[in-house]
Amino acid sequence: MKSVKTNTLIVRTIESGTIREDYKVAASAHLTLVYFVVSSGEIDLTPSVHLVGDGSSATVVGLVKGTKSAKIQIHTLQHHQAPRTTSNLLIKSVLSDKSECIYDGGIRVDASAQKTDAYQRNENLLLDEHTKAVSSPALEILANDVRCTHGAVVKTLDENELWYLSTRGIHKDVSRSMIAEGFLQSAFSQIADSDERKKAEAQAPFTV
Amino acid sequence: MGQKSPISSRYKYGFHKPENYLFKSNKGLDEAVVSNISDQKREPRWMRERRLMAYKIFGMKSMPMWGADLSTIDFNDIYYYIRPTDKKANKWEDLPPEIRDTYDRIGIPEAEKKFLSGVSAQYESEVVYKSIQSTLSKKGVIFLDMDSALREYPDLVRQYFGTVIPSGDNKFAALNTCVWSGGSFVYVPRGVHVDLPLQAYFRINAANMGQFERTLIIAEEGSYVHYVEGCTAPIYSTDSLHSAVVEIIVKKGARVRYTTIQNWSSNVYNLVTKRARVEEEGTMEWVDGNLGSKITMKYPSVYLMGRKARGEVLSIAYAGAGQHQDAGGKAVHYASETTSQIISKSISRGGGRTSYRGLVEVFAGAKDCKSKVVCDALILDETSRSDTYPTMKIGEARTQIEHEATVSKIGDEQLFYLQSRGVTKEIAQSMIVNGFIEPIVKELPLEYAVEMNRLIQLQMEGSVG
């Protein structure tokens with residue numbers, strides 16, 4: 001368990017293996033966690049964020065690119081233990097070939113964590129026929145003065161967007177990757193601090 | 001009153017002598033109890049074998065490892081088959097005062113009150129029921145209790161019974177299959193539209209309110225039927241475990257709507273399996289309201305088997321003190337161009353817990369499916385709890401699946417606004433809650449919608465403190 005006492009940005013690139021990370025965020029501190037997951041193999045990633053200090057907050061962003069027969073498992077926890085805490089999570093995956101992404105994540109709001117604001121979202125873009133996505137975002141809310149929202153989307157390329165790009169003379173393969181990049185790129189907008197956002201973007205292992 | 005048994009109505013059909021019916025199985029469950037139930041009902045051999053097989057499966061299946069806490073259910077401390085009158089209160093006065101009070105305040109007519117509370121042996125709308133029955137039978141519609149259907153239409157029942165929910169589906173489906181009694185059988189012939197909703201409690205047979213109801217609805221090609229089960233009034237029951245199975249077959253181009261308002265008394269475990277199989281271009285709609293019981297676990301499902309089949313689940317759950325409503329819906333897309341929608345609204349108050357649990361699954365090869373799930377939860381005080389457990393399993397790229405959920409309290413601004421217009425906080429809260437569930441309530445038949453609103457208002461009384 002790592003303690004976060006001041007505003008902190010952590011950017012990680014993960015290509016394989018089993019990774020568990022636990023962060024404890026102290027009062028008034030903000031943690032920004034960015035994961036670049038690029039894999040054609042097996043990944044099991046479990047980041048947990050515990051908001052233990054009054055007024056602490058966290059932003060978790062995951063950009064996932066699965067290729068070949070990648071099997072990417074991501075389990076997240078946003079655990080609100082103190083009042084006035086905020087968390088914001090967005091995991092976006094682009095899956096091609098036969099890759100799959102299995103996401104399960106939880107927001108847990110303890111009875112003591114009044115005035116929590118929590119958000120959790122998982123979006124999956126399936127590019128090829130044999131890709132697969134499983135998404136189980138869960139909420140467990142034991143306090144009442146809260147706002148908790150989650151969402152999940154599984155979709156494929158929009159025929160209209162592809163058609164529009166083709167009318168501009170862009171080849172289908174190119175427009176496919178343009179749309180996929182745009183899809184991932186938008187995840188950065190979750191990072192509110194512009195310096196942090198630029199730093200994170202600069203470390204991206206793929207063009208986004 | 002109350003001494004006259006509901007058998008009198010069944011007796012007319014000549015299948016049971018009253019003394020045969022005065023039967024209560026031994027506590028607990030074994031093969032002898034299961035055989036005995038079948039004997040008592042003089043069932044065909046295949047049904048008896050089905051029950052015995054289900055009993056074996058029941059023994060092998062484990063309790064669900066997820067969901068509500070069921071550890072206090074003692075399967076050996078339950079009567080699995082009791083003659084209906086034995087479990088009803090005999091006098092209106094014998095009912096718990098809070099239930100009598102609720103009836104008075106929701107404004108349910110006297111005759112219905114007595115029927116619903118189980119004190120009345122005969123429902124006064126028997127005449128109404130009979131005239132509906134004759135209109136239906138002219139169209140070839142069969143609407144019977146399940147026991148009668150097995151006697152009168154054994155081949156139809158045999159053809160469809162257990163085809164949507166086999167005994168091996170889960171422990172409680174197995175339990176229901178081995179000890180089922182009561183429930184409804186509806187058969188709608190090809191192209192027939194049943195204009196009036198078929199209401200379970202129009203049937204005189206009190207066994208309808210049984211512990212282990214078994215309902216089977218078959219809608220042939222292009223037909224339409226709306227079936228309504230339950231009622232907003234609390235149903236007092238001395239049984240601790242209710243485990244129904246509802247199977248629906250929606251054939252090509254047919255549409256079935258199934259509305260349930262569940263308001264069992266707060267000692268009841270309500271563990272129900274409801275599933276519809278929908279063929280090409282068919283539509284299934286579940287409207288499911290859960291207000292009562294101690295624990296409810298119920299996830300009405302649509303299995304979309306044919307191209308362009310559509311399924312909808314609208315669910316409302318209300319959990320007060322000591323209640324856990326674990327409800328939701330499932331949509332399983334087996335065919336291309338199928339669509340589904342699940343809308344869930346839940347309210348928890350006074351230490352109650354509501355959980356949405358749902359599944360959307362799309363199999364590889366089922367192309368261009370669409371599904372949308374929206375869950376909204378209100379938590380009214382700090383001792384209550386709300387959970388959301390959705391799962392989306394998507395094995396097909398050409399698909400569009402969305403899920404969103406929100407959990408919040410009643411907005412202070414909304415309350416403040418209403419109070420500034422001279423509305424008390426208490427009334428303001430119940431107005432907001434009624435507005436919150438309105439999208440689903442408006443789908444209910446009018447009389448239910450009115451009762452539902454009154455009931456919510458009633459539940460909300462004293463909630464400000």
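What you're looking at is a predicted model, where local features need pLDDT of at least 70 and side-chain atom pairs count only at pLDDT 80 or more, while totals for chains, interfaces and linings use all residues. Residues are numbered from 1 along each chain as its sequence is written, and chains are lettered from A and ligands numbered from 1 in the order in which they are written.

Now to the strand itself. Strands here are DSSP runs of E with at least two residues, helices are runs of H or I with at least four, and both are numbered from the N terminus. Strand β4 of chain A covers residues 30-39, and eight of its ten residues are buried, so the rest of the structure largely encloses it. Buried means that 20 or more other C-beta atoms lie within 10 Å of a residue's own; 12 or fewer makes it exposed, anything in between partly exposed, with C-beta atoms placed from the backbone.

β4(A) has strand neighbours to look at. Two strands pair if DSSP finds at least two bridges between them. Strand β2 of chain A (residues 8-14) runs parallel to β4(A), joined by seven bridges. Strand β6 of chain A (residues 57-66) also pairs with β4(A) in the parallel sense, over ten bridges, and there A:Tyr35 sits opposite A:Gly62.

Next, pick out A:His50, in strand β5 of chain A (residues 42-51). Why does A:His50 count as buried? Because A:His50 has 22 C-beta neighbours inside 10 Å. Leaving out residues up to four places away in sequence, A:His50 touches A:Asp22, A:Tyr23, A:Lys24, A:Val25, A:His79 and A:Gln81; contact means C-beta atoms, placed from the backbone, within 7 Å.

Now over to where the chains meet. Here 31 residues of chain A are in contact with 29 residues of chain B. On the chain A side, β11 (132-141) and β12 (147-156) are the elements that give two or more residues. That side has 16 nonpolar, eight polar and seven charged residues, where Ala, Val, Leu, Ile, Met, Phe, Trp, Tyr, Cys and Pro count as nonpolar, Asp, Glu, Lys and Arg as charged, and the others, Gly among them, as polar. β11(A) pairs with strand β18 of chain B (residues 385-394) in the antiparallel sense over six bridges, and A:Glu140 faces B:Asp387 in β18(B).

B:Gly422, which follows α11(B), has a positive phi, near 85°.

Conventions: Two residues are in contact if their C-beta atoms, placed from the backbone, lie within 7 Å.
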